[in-house]
Amino acid sequence: MPFKKLHSNIQEKLEYLEIVTPTPFQSNSIPVIKSGANVYCTASKDSGKTTTLILTTLQKLKCEAVGNTPRAVVLVENKERALELYDAFLAYTKHNSLRVYVGYEQLHVDVQKSEIFMGIDILISTPKSMNKLFLLNGVSTSQLKIFSIDDAEFLIQNFAYTALMSITQSIKKCQYVIYSEKMHPKLKRFESYFMEHSKTVTT
């Protein structure tokens, strides 16, 4: 039971949300992600990928705020998905000290820089927006522990792929977890760059 081995704060929240039994995907993926390995997670829609992403991020950060620079990054396709995921995270972080921040192209990069500078733990962003932040030294990755990519099919687009490659070159060391419905050859290519010694979980 993967839920039993999660942080007590997460277990309380799951109980409150009446989420009792993990999906088969969650049973398979959570222990592998918790091990610290780079992981490709492929599973069909509604298999619990987004909840897994949230739970494993909170677990990695031990459900508490530390320092001022992000320790978790979540990359998403667009503003709509970024805001959706932000709301989903807030449901789980309401009663702990973790600070979640959402950024996207439509929000001026100087605004993002100044707000991030005030201190955050989890940064949700789009490839273009995050790449711009990196180029302008608007975000530090010195404390980054986990970098997750939600519904990673969008990385097949050249601009998103290029932006991600640029972003990961600035990161010295962290765990990467890629979630998608299918394994695309372009996603597999990341093994040569930042997904070294990766494991694959499929259901």
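**View 1. Ser180 is buried, at 2% relative accessibility.** Buried denotes under 20% relative accessible area, exposed over 50%, and partly exposed the range in between, with a 1.4 Å probe and protein chains only. The model is predicted: local features need pLDDT of at least 70, side-chain atom pairs count only at pLDDT 80 or more, and totals for chains, interfaces and linings use all residues. Residues are numbered from 1 along each chain as its sequence is written, and side-chain values use heavy atoms, with hydrogens and water left out. Ser180 belongs to strand E6 (residues 175-180); helices (H or I, at least four residues) and strands (E, at least two) are DSSP runs, numbered from the N terminus. Beyond its neighbours within four places in sequence, Ser180 is in contact (heavy atoms within 4.5 Å) with Cys41, Thr42, Ala43, Lys49, Ala152, Glu153 and Leu187.

**View 2. Cys41 and its closest cysteine sulfur, in Cys174.** Cys41 is buried, with a relative accessibility of 0%. Its sulfur lies 15 Å from that of Cys174, which is too far for a bond. A disulfide is a pair of cysteine sulfur atoms within 2.5 Å, and the count by this rule is zero.

**View 3. Cys63 and its closest cysteine sulfur, also in Cys174.** The relative accessible area of Cys63 is 5%, so this residue is buried. The distance from the sulfur of Cys63 to that of Cys174 is 19 Å, too far for a bond.

**View 4. Asn158 is located in helix H7 (residues 158-169).** With a relative accessible area of 55%, Asn158 is exposed. Between Asn158 and Lys62 there are 96 residues of sequence separation and a C-alpha to C-alpha distance of 35 Å.
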